[in-house]
Amino acid sequence: MHFEILRDPVWNNIRVDDLTLCLVDTEVFQRLRYVRQLGWTYLVYPGATHSRFEHALGTHHLSRRTLALLCEAEDAASISENEQAIVRCAALLHDVGHYPFSHALEEIGALHHEAVARPLITEGSVASLLAARLGRDAPGKVFDLIRGHSESALQGLISGSLDLDKIEYLKRDAFMCGVPYGEIDVDRLTNSLVLVDDPETGRPAIGVQEKALSALESLLFAKYQMYRNVYWHHAVRSATAMYKRLVEDALQAGVVDGQSLSRYTDEGLMHRLENARPMPLLAALKERRLYKRAAEWPAAELDVDKVEWIATDRARVAAKENELAKELGLTPGELLLDYPTKTEMLGLDIPVLRRSGRVERLTGEGWIGTINLPSLSEELYKSARWLRVFTAKRASFEPRQIRESLERTA
């Protein structure tokens, strides 16, 4: 089999075979060169200009490395080369449906990137390659792994508590941002992955050896630290809120349509918006004139049930933004609300091979002698997730009144 070596700043040498190279050369995959992994984060961390392209190659590299380790184990001899190839392809293609500037547009109600990926993987050039090399059912198998609905014992490598995507993006994002928060013991984790019989289903599944639980905990804490210091940094969230409102306004004005959003690159979308009509939000983003925090409250101080709509109901959010802007003497679009969509901060659900040889499922409930993940997860959420009011210029108002207004809107 012919291999090429690609140089990478995080993993050094990435080995790719002929099928991988062919998939990389498709238009579907090449678009990822021009979709930033962290959206507008580069306005805060200048090094964060890396793309979904590098991340996808890194995830493919981890899948190859992990599969090789699994196949060395005596109980993993039944993993066929075809099944390994399908897993590697799923690792490579898992992000092909991403919108420009990463996850932001999913927060305004656009289709989830995995749904966008369906036709890109099961139809066209990618599907033709997969079917020709790995069998007619390969495109469907690859997509099922990506969306987490596969019956494969290797599903956990692509979507799960310890999936390779998570390991890769935390490691790469921390490295490119120049922060120490994403330090993960990758070797310990990948060397401790095993195939076990899931105690709930009785079917083979990816599990982890008990000796790697401390490394697993470090992965979960790295995720929290990255959300607190990078992904949900106040200036990153300001730029993201500006971008979301910019695209919402463009959609309503007919400048772009929702069906075509996933085909744009970052700069392609910005160029389309710029050519269509001048928009103050667009100029502000290009010149890094980010909106400033006018008020903010950590989730710990809020009645979550009364403000969760700000993260989930974009139509109500835009209407409330305009209402508040008018009250404060601002024009529509000069006041923005931001409350990040709740993510599973410390999600954990994985079979563990105990030292006794018994397999037990470790969930968020934890075990005696391990961290209490449910209560810890909630506490970390409350410290990392903030409700913020951003304004384009200084406005005089009483933050308490704004908060009461937002809580009454629920």
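**A helix contact and its surroundings**

Tutor: Helix 6 and helix 7 are roughly perpendicular to each other. The structure is a predicted model. The axes of helix 6 (residues 124-134) and helix 7 (residues 138-147) cross at roughly 110 degrees, and they come within 8 Å. The crossing is classed as roughly perpendicular because that class runs from 65 to 115 degrees. On the side of helix 6, the contact is made by Ala127, Leu130, Ala131 and Leu134. Helix 7 supplies Ala138, Pro139 and Val142. By class, the contact consists of 7 nonpolar residues, with no polar and no charged ones.

Side chains of opposite charge can pair when their charged atoms come close. The model has 36 salt bridges by the distance rule used. One of these salt bridges joins Asp17 and Arg64, at 3.1 Å from N to O. The two residues are 47 positions apart, so the pair links distant parts of the chain, Asp17 lying in strand 2 (residues 12-17) and Arg64 in helix 3 (residues 52-72). Asp17 has 6% relative accessibility and therefore counts as buried. Arg64, at 16%, counts as buried as well, the cut-off being under 20%.

Strand 2, which carries Asp17, is also part of a hairpin: 3 residues join strand 1 to strand 2. Strand 1 (residues 3-8) pairs with strand 2 in the antiparallel sense, over 6 bridges. Within this pairing, Leu6 stands opposite Ile14 of strand 2.

A further sheet is open and has 4 strands in the order 3-4-7-8, with mixed pairing. Strand 3 (193-197) and strand 8 (359-363) stand at its edges. Each has a single partner strand, so one side of each is left without a neighbour in the sheet. Direction ignored, neighbouring strands here are turned by 50 degrees against each other on average. Strand 4 (residues 204-209) and strand 7 (residues 349-353) pair in the parallel sense, over 2 bridges. Gln209 stands opposite Leu353 in strand 7.

Glu360, whose number falls in the range of strand 8 (359-363), forms a salt bridge with Arg354, with the closest N and O atoms 3.4 Å apart. Glu360 is partly exposed, with a relative accessible area of 24%. Arg354 also counts as partly exposed, at 21% relative accessibility. This pair belongs to a network of salt bridges that links Glu210, Arg354, Arg355, Arg358 and Glu360.

Arg400 forms a salt bridge with Glu404, and the closest N and O atoms are 3.0 Å apart. The two residues are 4 positions apart in helix 19 (residues 399-409), which means that they are separated by about one helical turn. Arg400 has a relative accessible area of 48% and is therefore partly exposed. Glu404, at 32%, counts as partly exposed too. The Asp17 and Arg64 pair, by contrast, has two residues that count as buried, at 6% for Asp17 and 16% for Arg64.

How values were computed. Residues numbered from 1 in each chain as written. Predicted model: local features only at pLDDT ≥ 70, side-chain atom pairs only at ≥ 80, totals over all residues. Heavy atoms only, no water. Axes fitted to C-alpha atoms, helices over the stretch in contact; angles between N-to-C directions. Parallel < 35°, antiparallel > 145°, perpendicular 65-115°, else oblique. Contact = heavy atoms within 4.5 Å. Nonpolar A, V, L, I, M, F, W, Y, C, P; charged D, E, K, R; others polar. Pairing = 2+ DSSP bridges. Salt bridge = Lys/Arg side-chain N within 4 Å of Asp/Glu carboxyl O. Buried < 20%, exposed > 50% of the residue type's maximum accessible area, 1.4 Å probe, protein only.
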